[in-house]
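Okay everyone, let's get going.

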Amino acid sequence: MTSSTFKDHFSSGSAGYAAYRPGYPLELIDELTSISPGTGRALDCGCGTGQLSVLLAERFDEVIATDASAAQIAAAEPREGVVYRTAPAESSGLRDASVDLITVAQAAHWLDLDAFYAEARRIARPQAAIALITYGVLHLDGELDRHLQQFYYQTIAPYWPPERRHVETGYRDLPFPFTASEVPPQVIEMRWTLPQLIGYLNTWSAVKAAERALGSNPVDTVAQQLAEEWGDPQARRLVTWPLTIRAGRIRE
């Protein structure tokens, strides 16, 4: 996708994105490494503030992490072995046949997939792997989860961009013209305080859209509901997200 068509839902909240978005399990990195033909270079497209990029650097000699948002790149977590660049996924700037693994985490639904897949084929080494990664709707352990589900499926449902439906279906409906590699579903687990959970909710694009439309932040209401039952706001509770991966070989 060119800069003229880039749908930027996140630059305005880059600091919150860096602070509150959940990390990925190392088991995911091990699975991605196992399907990659080598560990020389990985490309993490739509990297945001680097949640996946820094973990890939645990296994790969070099990670190129790109995002079309300069604000996201500016807020990204520094890590030895990770090179951040402002660039669209559809135009990486890398040379032909130079990448062992290409990942897109929680961003494939924003891409021009035809152009992105053409770029992936150009830069892929023989047997290189590609993985579209997405995590779905969060769940809070215990009875408090009902407040989150109501907030997601009722309060802010009208304000999600239409592309959000692909996240809810685990990317099953996205075109994926590659030979599939089986990567089992996983779970992201975090133990968060109430302020951390509220900070995460405030990174949602639907929350920002609802606030513009309503003139007030809809998170305030669910925050009050949670606070009444949470107890000590610094107490940590288990928060989980279902994690799905569509992976495959780019060129046999």
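So, strand β7 (residues 179-181) pairs with β9 in the antiparallel sense, over three bridges. Here, strands are DSSP runs of E with at least two residues, helices are runs of H or I with at least four, and both are numbered from the N terminus. Pairing means DSSP finds at least two bridges between two strands. In that pair, A180 stands opposite G248 of β9.

Quick word on the source: this is a predicted model, where local features need pLDDT of at least 70, side-chain atom pairs count only at pLDDT 80 or more, and totals for chains, interfaces and linings use all residues. Residues are numbered from 1 along each chain as its sequence is written, and side-chain values use heavy atoms, with hydrogens and water left out.

Back to β9, residues 237-249: seven bridges join β5 (residues 124-135) to it, running antiparallel, and A131 sits opposite A247 there. Strand β8 (residues 186-192) also pairs with β9 in the antiparallel sense, over seven bridges, with I188 opposite W241. Then β6, residues 139-140, is joined to β9 by two bridges, antiparallel again, and L140 has V239 as its bridge partner.

What does W204 touch, if we skip residues up to four places away in sequence? It's R21, L138, F151, Y152, I156 and W160, where contact means heavy atoms within 4.5 Å.

On to helices: the axes of α6 (residues 145-155) and α10 (residues 219-230) come within 10 Å and cross at roughly 170°. Those axes are lines fitted to C-alpha atoms over the stretch in contact, with angles from 0 to 180 degrees between N-to-C directions.
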